[in-house]
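The following exercises are to be worked with the sequence and the coordinates at hand. Each task sentence is followed by a stepwise solution.

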Amino acid sequence: MSLARYLRAGKRPLLVGKPATAKTSLLHEAAAECGMDMIITTPGIEDRCDIKGGMVPDFERGIMRELPLETMHRLLTATKPTLWFTDDLGNAPIDVQAGIKGLITKGGRLDRSNPNIIIAAATNRPGDKTGVGGLHESLRSEFDCAFLMPTPDCKDDPAGGVLFETWREF
């Protein structure tokens, strides 16, 4: 199955591999083929409030509310199929990963009930020496499968760099 068909089916892919293995390019091509808008975030280097929003007082009710910032607002108000791609997800601090998990899990503001939003992510592996601390298991479980990206020289890759494989530990 092509990545574009996978996205059209509403599946959430997680692309895993070394730097410069075309993870982002592959998702760009698949989104274009599907006619999807694409919003890219890099939660490992963005401000934490980019994910959770800014807290603002609701004086009438006496409570604080989360005001979605521009990127989240675009996602929450999408009227056509939109791919939200979180790049370098394994580099994000654990509290940012938890914030993303809260958004995309069942009952979250960007859960599977919105047919216009498709979630995809990419990460390097901790052994790739790119600053990846790891991907929290509860967040990783929100993706339907992980695809290990091939590298030009797969001799040092124990998985052999198989593209579009079914979910498994990596």
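**Exercise 1: A glycine in a loop**

Gly-35 lies in the loop between α2 (23–34) and β2 (37–41), where helices (H or I, at least four residues) and strands (E, at least two) are DSSP runs numbered from the N terminus. The model is predicted: local features need pLDDT of at least 70, side-chain atom pairs count only at pLDDT 80 or more, and totals for chains, interfaces and linings use all residues. Residues are numbered from 1 along each chain as its sequence is written, and side-chain values use heavy atoms, with hydrogens and water left out.

Task: Determine whether Gly-35 is buried, partly exposed or exposed.

Solution. 
1. Buried means under 20% relative accessible area, exposed over 50%, and partly exposed in between (1.4 Å probe, protein chains only).
2. The relative accessible area of Gly-35 is 42%, so Gly-35 is partly exposed.
3. The C-alpha atoms of Gly-35 and Lys-80 are 9.2 Å apart in space, although 45 residues separate the two in sequence.

**Exercise 2: The surroundings of strand β6**

Task: State how many residues of β6 are buried, and which strands pair with β6.

Solution. 
1. Seven of the seven residues of β6 are buried.
2. On one side these are Ile-117, Ile-119, Ala-121 and Thr-123, and on the other Ile-118, Ala-120 and Ala-122.
3. Two strands pair if DSSP finds at least two bridges between them.
4. β1 and β6 run parallel and are joined by three bridges; Val-16 stands opposite Thr-123.
5. β5 (residues 82–86) is also parallel to β6, over five bridges, and Thr-86 stands opposite Ala-121.
6. With α5, the strands β5 and β6 make a right-handed β-α-β unit (with the strands pointing away from the viewer, the path from the first strand over the helix to the second runs clockwise).

**Exercise 3: The nonpolar cores**

Solution. 
1. A nonpolar core is a set of buried Ala, Val, Leu, Ile, Met, Phe, Trp, Tyr and Cys residues joined through side-chain atoms within 4.5 Å.
2. The largest has 23 residues, and Trp-84, Ile-100, Ile-104 and Leu-110 have the most contacts inside it.
3. Two or more residues come from each of β1 (13–16), α4 (70–76), α5 (94–104), β6 (117–123) and β7 (145–148).
4. Beyond four places in sequence, Ile-104 is in contact (heavy atoms within 4.5 Å) with residues including Arg-12, Trp-84 and Ile-119.
5. Another core, of 19 residues, lies apart from this one; Leu-7 and Met-149 are among its members.
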